[in-house]
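Let's take a walk through this one, with an eye on aromatic rings and helix packing. Have the viewer open as you read.

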Amino acid sequence: MKQRYVGVVFLALTIASGMMSLNSYKATEVLVTADMNQALAKALEEQQSDVISADTIQVFNNHLQIEGLRGNAVLAVDTMKGFRPRPQVSTATILSLSDQRPSMILWSMALLWGLFGLYQHRRLSVLGLYGGLALQEGRFVNAKGSEVKLTPMQQQLMEMLWQSPSHQLSKAEICDALWPKKPDASETLYTLIRRLKPIIEEQSDLKIESDRGKSYSLKIR
């Protein structure tokens, strides 16, 4: 699998996990706010006063329907609204009440996928791969370690391109090396390249490019 695809999947899983966590938090926040408001309304109605006392807090907690809020929700004084009591609860409490299991599952998947991508990257680095191919003991192998079946002439051309520092050779260099006694090997080279291209593209992330027939290069797609 191409490394960029690994990164895209990891990013998608991470974003999905974050969005799912946020949505669950927001939904729980709405339920918590509604529960605290109804508990406060009942507490003030029972005590017939806006003054907060220890009894008010006790009654307020008794009317909370969400078990996890009892003992965690507090009453504060809102100075912007005539010193009226206002229920409050910490972000951590809302987070603990929200269902984060789906988000955690996605996050675990993202973590495992990221570790898999890291393993793949290190494994490919050890193999000395370039575009999903490696030259080992005189034969080309793909990222899975399977040998790429090539004819002797295809093998020779691939080794020349592979061992070139720029992975590029001129048409003249290739023809002189492969057919030194042939005056014009243009058609033979064209046929060789045409048959080699689909094999390389099927087995790796590489492609053979031609610069107007003057040179050939091995590049990552």
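**Rings, then helices**

Start in helix α4 (residues 101–127), where W113 and F116 sit three residues apart, about one turn of the helix. Keep in mind that this is a predicted model. W113 is partly exposed, with a relative accessible area of 23%, and F116 is partly exposed too, at 33%.

Now jump to another ring pair, Y130 and W162. Their ring centres are 5.9 Å apart and the planes make an angle of 75 degrees; anything over 60 counts as edge-to-face, so that is what this pair is. The pair ties together distant parts of the chain: Y130 is in the loop between α4 and β3 (133–136), while W162 belongs to helix α5, 32 residues away. Y130 is partly exposed, with a relative accessible area of 23%, whereas W162 is buried at 13%. F140 joins in as well, as ring pairs link Y130, F140 and W162 into a cluster.

Stay with α5 (residues 152–163) and look at how it packs against helix α7 (residues 186–203): the angle is about 75 degrees, and the axes are 11 Å apart. The two helices are therefore roughly perpendicular to each other. On the α5 side, M153, Q154, L157 and M158 make the contact, meeting L192, I193, R195, L196, I199 and I200 of α7. By class, that contact has eight nonpolar residues, one polar and one charged.

How confident is the predictor? The mean pLDDT of the protein is 87, and 90% of its residues reach 70 or more.

How values were computed:
Residues numbered from 1 in each chain as written. Predicted model: local features only at pLDDT ≥ 70, side-chain atom pairs only at ≥ 80, totals over all residues. Heavy atoms only, no water. Axes fitted to C-alpha atoms, helices over the stretch in contact; angles between N-to-C directions. Helix = DSSP H or I, 4+ residues; strand = E, 2+ residues; numbered from the N terminus. Parallel < 35°, antiparallel > 145°, perpendicular 65-115°, else oblique. Contact = heavy atoms within 4.5 Å. Nonpolar A, V, L, I, M, F, W, Y, C, P; charged D, E, K, R; others polar. pLDDT = per-residue confidence, 0-100. Buried < 20%, exposed > 50% of the residue type's maximum accessible area, 1.4 Å probe, protein only. Phe/Tyr/Trp six-rings, centres within 6.5 Å; stacked < 30°, edge-to-face > 60°.
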